[in-house]
Amino acid sequence: MNLDNLDIPTEACFTPRELVSELDRYIVGQADAKKAVAVALRNRWRRRKVEPPLRDEITPKNIIMIGPTGVGKTEIARRLAKLARAPFVKVEASKFTEVGYVGRDVDSMVRDLVENSVSMVKQEQRERVIPMAEANARERVLDCLVPVETKTQGFEVDSTPSIDDSTQRTREKMRTLLDEGKLDDRKINVQTQDKSFPTLEIFSSQGGVEEMGMQLQDMFGNMFPKKTRERELAVKDALELFMEEEVNKLIDTESVAHQARIRAEQTGIIFVDEIDKVAGRETGRGPDVSREGVQRDLLPIIEGATVSTKYGPVQTDHILFVAAGAFHVSKVSDLIPELQGRFPIRVELTSLEEADLLRILKEPENALPRQYQAMLETEGLPICFEEEALVEIAQIAADVNRKSENIGARRLHTVMERLLEDLSFNAPELPKSTINIDKEYVLKYLSGILEDEDLERYIL
């Protein structure tokens, strides 16, 4: 397969060092994990530069992240996919054990990945065709405002519109008014397509809709005649409607499906969370066959298989799999040997201490204080966090993590919400002047948490 001619985003703009630097903007610490995913992403770019047939033999080095909750495992994988503009899907391995042996169809993670890839490619094509779609939509609105007659010769109708000088001048005047927005509220009658058709569903033995059912629905949707109906709309609403219709006409659905399928195969990332929950643990009653069954269902997908999707068959050989788990009770060695072998890179993420929580409050571009500042500014209420306040918040979050369940950086969300709950509630009625969040403010609203050993009453 010639990958050079395919519309696949290149990862060449990021060296491993640059990628780690980008991840540092959003995630504090965890240098080993960042380095591992940066190398994995760069290796994809390197593989594309290798000549076939050796290129087909180079497979991704899948990664397993080990660490407690809230230390950045999911965020690293999600940010990695966003930076690489790669299709990404997150699944929980424990979901596959919900119904007996099989649980959720493991192939569904690949289908979800392809759906995400389709959305990405469709959005990219949409951005390319928007200028033409907008021009076509405006012409259709003008046709409604100033209808153009067609020539009639005997029993034949000439499809070429005939525009006399008077009509042309009127259209140009209307075009000017349309461009200036002076016709936005004017009502016009438009013809719209009614796409309703019978719903077809074929259920498998596990209770899910099979792929054939979705394909039949697509096929019959194109076979049923499209009905049109007349509606009265404001010009601005008609423009939006026509715009969407024109975009759909200009997007090449076959090209979208082809590109999306290839992109999912070559650049897709599947994040399998809670992998430790399906690690087989020996008990007095023998091994947990349900967990081992899930591992064996996951194995062929991770090793490389062909999965049927509504957009065609997708091979999983070059999809990057990133697994993660706390492994508090089980160990990586509790996974079946075959599955362990498919995750050759293992990185341990460290627990977050008070200093880390303080950095999380101050350094990332999407830090929580910045988020709350932006939200309250929409109410015309500026707030300012002083350094001592952030230090106190980090200390309280670290104390609560030590005294109760350690949920890492997620504890900051609950502490910050508790701190600013009254302010958020009363914001619309408060005077529009800057509010300083200092150490005294933090102690006023959160001191009870430190004094009361029964932390459950604070729902933190």
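Which residues lie nearest the centre of the second largest pocket? Select G70, V71, G72, A409 and R410, which lie nearest that centre among the 36 residues of the lining. This is a predicted model, in which local features need pLDDT of at least 70 and side-chain atom pairs count only at pLDDT 80 or more, while totals for chains, interfaces and linings use all residues. Residues are numbered from 1 along each chain as its sequence is written, and side-chain values use heavy atoms, with hydrogens and water left out.

A pocket here is an open set of points on a 1 Å grid over the protein atoms alone, where a 1.4 Å probe fits and protein lies on both sides within 12 Å along at least five of seven lines; lining residues have an atom within 4 Å of a point. The second largest pocket holds about 840 Å³ of space, and two or more lining residues come from each of α4 (73-84), α12 (354-362), α13 (368-377) and α15 (410-426); helices are DSSP runs (H or I) of at least four residues and strands are runs (E) of at least two, numbered from the N terminus.

Next, select α13 and α15, which pack with their axes 11 Å apart and at an angle of about 25°. α13 is therefore roughly parallel to α15, a term for angles under 35 degrees.

Finally, move to β8 (residues 306-309) and β9 (residues 312-315), antiparallel strands joined by four bridges, where pairing requires at least two bridges found by DSSP. A hairpin of two residues connects β8 to β9, and S308 stands opposite P313 in β9.

Note on methods: Points joined across faces, edges and corners; volume = space filled by probe spheres on them. Axes fitted to C-alpha atoms, helices over the stretch in contact; angles between N-to-C directions. Parallel < 35°, antiparallel > 145°, perpendicular 65-115°, else oblique.
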